[in-house]
Amino acid sequence: MSIQDQVIAIIAEQAVLEPEDVTLDSTLEDLGIDSLGLVESIFDISVPFNANAPQESDFDISSVASIIKGIERLKAEQA
């Protein structure tokens with residue numbers, strides 16, 4: 001399963017949606033999710049994001065696609 005499929009499945013589960021209802025253009029706000037904690041725990045990574053100062057983060061959570069890109073980058077850095 002690709003990182004993209006895993007992220008979509010995790011987000012869908014958190015939003016109580018079917019994975020096909022989560023698009024790459026969806027935002028966490030659209031989906032009613034306010035935390036990346038579950039994504040962090042599933043992938044065993046620390047997402048460098050401060051909800052109180054999102055402009056200071058280099059991790060973009062503006063859409064599902066940007067979250068996937070960020071996780072792929074973090075996983076590559078860990079490798």
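Which residues are buried in helix 1? They are V7, I8, I10, I11, A12 and A15. The model is predicted, and the protein in it has 4 helices and 0 strands.

**Overall composition**

- The protein has 79 residues, and 34% of them are buried.
- Its accessible surface comes to about 4,900 Å², with 47% of that area belonging to carbon and sulfur atoms.
- When contacts between residues at least 6 apart in sequence are considered, 55% of them join residues at least 24 apart.

**Helix 1 and the residue after it**

- Helix 1 consists of 13 residues.
- From its first C-alpha to its last, helix 1 reaches 18 Å, close to the 18 Å expected at 1.5 Å a residue.
- The buried residues of helix 1 include V7 and I11, and both V7 and I11 are also among the residues that touch the most other members of the largest nonpolar core.
- Just after helix 1, V16 adopts a positive phi of about 55°.

**The largest nonpolar core**

- This core contains 20 residues, of which V7, I11, V22, L31, F43, V64 and I71 touch the most other members.
- Two or more residues come from each of helix 1 (3–15), helix 2 (28–31), helix 3 (37–43) and helix 4 (64–78).
- The element giving the most to the core is helix 1, with 6 residues.
- In soluble globular proteins, nonpolar side chains tend to be buried together.
- I71, one of the core residues named above, is in contact with I3, V7, V39, F43, I45 and F59, leaving aside its neighbours within four places in sequence.

**S26, a buried loop residue**

- S26 lies in the loop between helix 1 and helix 2.
- The relative accessibility of S26 is 7%, so S26 counts as buried, the limit being under 20%.
- The side chains of S26 and T23 are joined by a polar contact of 2.9 Å.
- Apart from neighbours within four places in sequence, S26 is in contact with D21, L31, S62, S63 and V64; among these, L31 and V64 are also members of the nonpolar core.

**D44, an exposed loop residue**

- D44 is found in the loop between helix 3 and helix 4.
- D44 counts as exposed because its relative accessibility is 64%, where exposed means over 50%.
- D44 and K75 stand 31 residues apart in sequence, and their C-alpha atoms are 9.2 Å apart in space.

Definitions and conventions:
Residues are numbered from 1 along each chain as its sequence is written. This is a predicted model: local features need pLDDT of at least 70, side-chain atom pairs count only at pLDDT 80 or more; totals for chains, interfaces and linings use all residues. Side-chain values use heavy atoms; hydrogens and water are left out. Buried means under 20% relative accessible area, exposed over 50%, partly exposed in between (1.4 Å probe, protein chains only). Contact means heavy atoms within 4.5 Å. Accessible areas come from the Shrake-Rupley method with a 1.4 Å probe; for residues, only the protein chains shown count as cover. A nonpolar core is a set of buried Ala, Val, Leu, Ile, Met, Phe, Trp, Tyr and Cys residues joined through side-chain atoms within 4.5 Å. The expected span of a helix is 1.5 Å times one less than its number of residues. A polar contact is a pair of N or O atoms within 3.5 Å; within protein, one must be able to donate a hydrogen and the other to accept it, and residues adjacent in sequence count only if both atoms are side-chain atoms.
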